[in-house]
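This report describes selected packing features of one protein model. The structure is shown first, and the description follows.

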Amino acid sequence: FGQWLRSHGMEWGDAMSRQMNAVLVFYGSDPHLAALGFVWPPLPAFLDLLPAIFYPIWPGVISSGIGAGLVTSLAGAGTAGVLLWTGHKLRVRATTTLALVALVCLNPLIFIYAGSGMSEAVAAPFLIGSMCCATLFLRLRQDRYLVAAGLTLALGLASVYEAAAYGAALAFGLALVLWRSRDFLGTRAQRTRMVNLALAFVIPSVFVAIAWMAANLIIMGDAFYFAHSSYSARGQILDVRVPGSPALSVAHHLAGTIGFIAERTLPLLIPLAGILTARVVGRRFRRTETVLPVLVCLSVPVLLLGPLVYLHLSLGFFRYFIYVLFGAAGWSLYELASASRSRAATAIVLVGWALAVPATAVLMSRPRVGLRQDNVVIKMVEHPGRGALGLGLYGPPIADADQTADYLAARVLPFGRVLADASTAWPIAAQVSPYELGHHLILNADTHFASYLRDPTRFGIKYLVV
């Protein structure tokens, strides 16, 4: 499906740019691991190394989008596998589990991103899995599941920064549930066990965060380079003007920010509403654990996106709201397994997920919400012809760079070396030959880039692409 979108002009610029960085690790003018970059979290970039290996055999691995798309397609399959495994462990009927997995994975927001190559799809099996493992711990009281929840959450944090808010809400919710349970208020041995489990849950994510900041500090000279460099999301917002951005138009306006977040969040809360309705019907709504899925589903929109949009630090892309669905997906099977009225709970939860499909599609069809990059659904309906889905935020990057790449390959690169910034020139680099990429096109991942820029004549640099 991702390749079908790509064949119709849909280019996911962030994913393809990250794939280009992976190619530079092996085949750039100065091959080294740090060429992966320090803006995106490390795990998706490391996974992109696998398809990048085949670049000399098939240079189109980037421009076709298949490399990054393959990685996230496998992640999408992993999401389904995690849910099926969880249903089996919780002894939910196989047909019910299959129905829920189908509704989750075919939700338009989750399905489209599974073929996109974007980091959110890489994070999906880990963040949904962390919630699944947490529910397995609550249901089966086996310590290994809470440890597994901590490990999967750490992998989610290595995939997307939003996992920090997601994980904080999950940790707080679990702490609240356990604090109100006999496991915590019992004997000293039980309290010691809970403390040890809490450390096992938190330490993997803390390690990932510290390791990432240490890598930024050692290599880039700034522990928070990923957060405030000119290549970060903050730097792009401050340096690049995005006309008509709804998020920027509500910055520093509290009511506008609340409306912005609510418009994008409320339709995605339908599965959570189904879960809460099932708990009301089963007379379980007033239990402490009810707060856990609510906290997790609202964590990213309320704790992270709301403040960032208000402070003029986020473009508020619709994909950032996908974590609402992740939290509900991870909790749904637990709800079915623990409900006293299983048939009613099953019907309500499945109906909630079924209603979320058209609700999400309608939400994505609004240009104000889709912000062009994510507005896939309506374009597929209105313009089914080839080349109709050029929806990148700044236009379809590969298609826009076709003529420039052809010109450089024919009239410039054969006669001299060229300097370029990878953040803007990667669509060109994705279309030149492997030889030219390794010898004539010098991107800023090259450790000698600053020297070349200071004295281009000495190093045979004849052109600078700006």
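## Basis of the description

Helices here are DSSP runs of H or I with at least four residues, numbered from the N terminus. The model is a predicted one.

## Asn216 in helix α12

Asn216 lies in helix α12, which covers residues 188-220. Its relative accessibility is 0%, so Asn216 counts as buried, the cut-off being under 20%. Leaving aside residues up to four places away in sequence, Asn216 is in contact with Phe38, Gly221, Asp222, Ala223, Tyr225 and Phe226.

## Packing of helices α6 and α20

Two packed helices are described by the angle between their axes and the distance between the axes. For helix α6 (residues 94-105) and helix α20 (residues 342-364), the angle is about 20° and the axes are 9 Å apart. The two helices are therefore roughly parallel to each other, since angles under 35 degrees fall in that class. The crossing of α6 with α20 is left-handed.

On the α6 side, the contact involves Thr96, Ala99, Leu100, Leu103 and Val104; they meet Thr346, Val349, Leu350, Trp353, Ala354 and Val357 of α20. By class, this contact of α6 with α20 comprises nine nonpolar and two polar residues, with no charged residues.

## Leu153 in helix α9

Leu153 belongs to helix α9, residues 143-157. With a relative accessibility of 4%, Leu153 counts as buried. When residues up to four places away in sequence are not counted, Leu153 touches Phe126, Leu127, Ser130, Ala163, Tyr166, Gly167, Phe201 and Ser205. Of these contacts, Gly167 is 14 residues from Leu153 in sequence, and their C-alpha atoms are 6.6 Å apart in space.

Key. Residues are numbered from 1 along each chain as its sequence is written. This is a predicted model: local features need pLDDT of at least 70, side-chain atom pairs count only at pLDDT 80 or more; totals for chains, interfaces and linings use all residues. Side-chain values use heavy atoms; hydrogens and water are left out. Buried means under 20% relative accessible area, exposed over 50%, partly exposed in between (1.4 Å probe, protein chains only). Contact means heavy atoms within 4.5 Å. Axes are lines fitted to C-alpha atoms, for helices over the stretch in contact, and angles run from 0 to 180 degrees between N-to-C directions. Angles under 35 degrees count as roughly parallel, over 145 as roughly antiparallel, 65 to 115 as roughly perpendicular and the rest as oblique. A crossing is left-handed if the near helix is turned anticlockwise from the far one by less than a right angle, and right-handed if clockwise. Ala, Val, Leu, Ile, Met, Phe, Trp, Tyr, Cys and Pro count as nonpolar, Asp, Glu, Lys and Arg as charged, and the others, Gly among them, as polar.
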